[in-house]
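Me: I would like to learn how to read the features of a protein model. Can we take one and go through it step by step?

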Amino acid sequence: MVIRYLSRPSRRAPVLRATALTTGALVCLAGPAVGAEPAPPKPAPAYSSSLLDRSGTQVRPRPDAPPVPRGLSALSWMVSDARTGEVLAAHNAHRRLPPASTLKSLFALTALPRLHPDTRHTVTDTELARVGGGSSLVGLSAGRSYQVSDLWRGVFLSSGNDAVHVLASMNGGWERTVRQMRAKARALGARDTHVVSPDGYDAPGQVSSAYDLSVFGRAGLADPQFARYCSTARASFPDGNWSYPIQNTNRLLTGADGVAPYRGLIGVKNGYTSGAGHTLIAAAHRGARTVLVTVMNPRRGGMTVYEEARSLLDWGFAAGGRVQPVGSLLPAKPRKAPDRAGRAAALVPPGASDGDSDWPALVLVGAGSAVVVTGCVVIVRRRAATVARRRGAGGEFIR
């Protein structure tokens with residue numbers, strides 16, 4: 001009897017073969033590379049950023065380091081190297097306090113690049129209407145025309161809030177300038193600062209820190225315009241057909257009010273409000289070094305902010321090379337966004353690191369892929385041969 005039926009070849013063998021091939025490929029991919037050696041451990045950083053997160057005074061002196069000045073009354077202070085960004089010592093570095101006019105340093109970093117110094121502008125009553133009572137002023141008059149460079153001298157030397165209001169108006173308005181300053185602070189890695197009033201006038205919620213103000217000071221010194229304005233001790237300010245002298249309110253720069261000028265001082269910005277007390281960002285250059293200090297709200301008041309800054313500047317120059325840094329003013333490097341290569345990283349043998357060569361992994365991936373492809377080709381060819389033989393037999397089987 002001839003029985004005709006459609007043959008159903010067994011699927012078990014091909015499945016077993018495919019499973020075996022796949023398992024072998026995975027083992028090949030996941031197995032350790034022959035001859036691979038663990039990379040040497042990366043050196044530890046010279047400082048721990050967590051030190052600056054702690055309250056109190058942070059310093060890492062070597063045996064020959066001078067002692068940190070005693071008797072400092074400031075609620076917060078910091079000493080750093082302006083060239084390298086290394087923080088040499090700090091006290092309550094991230095304590096959030098009202099910044100007063102030192103916040104003008106961030107305003108300048110934000111608006112200076114957007115306004116050409118030769119541009120002339122006629123001041124309006126509206127621009128001066130919102131200047132807070134008791135503000136420091138350079139003496140702008142509505143209806144008069146000033147160059148942008150004159151307005152910046154009014155900001156840096158006289159700490160003029162009237163000049164800040166006019167420049168902010170030219171920059172697109174008060175609120176837009178606030179948003180830009182907040183974005184600039186974030187871009188610089190200054191996370192303690194919240195801007196409400198660009199001139200530093202006391203406002204609810206407006207805060208900064210010794211760390212952030214040091215970041216602003218360092219960034220400003222790297223800008224030629226900023227550095228030129230903040231280091232100017234005296235200038236003439238136009239007033240129609242005549243002019244009058246203005247003087248920098250930073251006493252360490254001018255030697256005013258009985259404060260001895262500090263040798264090598266190059267700025268940066270001082271401030272005072274009833275809510276913030278005295279605040280100061282000061283930088284001095286000697287030889288190949290530039291030391292930057294920030295002092296916020298000394299409890300003894302008066303001209304104490306300058307004397308405490310003086311003692312910290314002296315210590316910073318004396319401590320060069322004799323202390324280990326406790327932090328950095330440089331922003332943390334952003335993490336790399338995940339990509340497809342990240343998946344392959346899971347197959348890297350244990351002990352490998354970013355410094356290892358990539359060729360062992362590439363060889364393994366290539367070998368595994370070749371095994372899988374070869375197995376698939378063999379299965380397809382065998383299946384095709386079986387079907388061909390059965391067709392040749394007419395599909396009939398004799399029992």
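This is a predicted model: local features need pLDDT of at least 70, side-chain atom pairs count only at pLDDT 80 or more; totals for chains, interfaces and linings use all residues.

Me: Is N297 buried or exposed?

Reply: The cut-off for buried is under 20% relative accessible area. N297 has 15%, so it counts as buried.

Me: Which loop holds A100, and what is its phi?

Reply: A100 is in the loop that runs between β4 (86–91) and α2. Its phi is near 55°, again a positive value in a residue other than glycine. The relative accessible area of A100 is 0%, so A100 is buried.

Me: How many residues of helix α2 are buried?

Reply: For a helix, go through the residues one by one against the cut-off. In α2 (residues 104–111), eight of the eight residues are buried, so the helix is largely enclosed by the rest of the structure. The buried residues of α2 include K104, S105 and T110, and also L106, F107 and L109.

Me: Which residues does S214 contact, leaving aside its neighbours within four places in sequence?

Reply: Read the position first, then the surroundings. S214 belongs to helix α7, residues 210–221. Its relative accessibility is 0%, so S214 counts as buried. With those sequence neighbours set aside, S214 is in contact with M78, L292, T294 and L329.

Me: What share of the contacts in the protein between residues at least 6 apart in sequence join residues at least 24 apart?

Reply: The share is 66%.

Me: Now the surface. Which residues form a positive patch?

Reply: A patch of this kind groups residues of like charge that have over 30% relative accessible area and no salt bridge. Here R114, R176, R179 and K184 form a positive surface patch. R176 lies in helix α6, residues 174–187. With a relative accessible area of 43%, R176 is partly exposed.

Me: What do the totals for the protein look like?

Reply: The protein has 12 helices and 14 strands. Of its 399 residues, 42% count as buried.

Conventions:
Residues are numbered from 1 along each chain as its sequence is written. Side-chain values use heavy atoms; hydrogens and water are left out. Helices (H or I, at least four residues) and strands (E, at least two) are DSSP runs, numbered from the N terminus. Buried means under 20% relative accessible area, exposed over 50%, partly exposed in between (1.4 Å probe, protein chains only). Contact means heavy atoms within 4.5 Å. Patches are made of residues with over 30% relative accessible area and no salt bridge: like charges are joined within 9 Å, nonpolar side chains (Val, Leu, Ile, Met, Phe, Trp, Tyr) within 5 Å. Accessible areas come from the Shrake-Rupley method with a 1.4 Å probe; for residues, only the protein chains shown count as cover. A salt bridge is a side-chain nitrogen of Lys or Arg within 4 Å of a carboxyl oxygen of Asp or Glu. Lys and Arg count as positive and Asp and Glu as negative; His and the chain ends are not counted. The place of a charge is taken as NZ of Lys, CZ of Arg, CG of Asp or CD of Glu.
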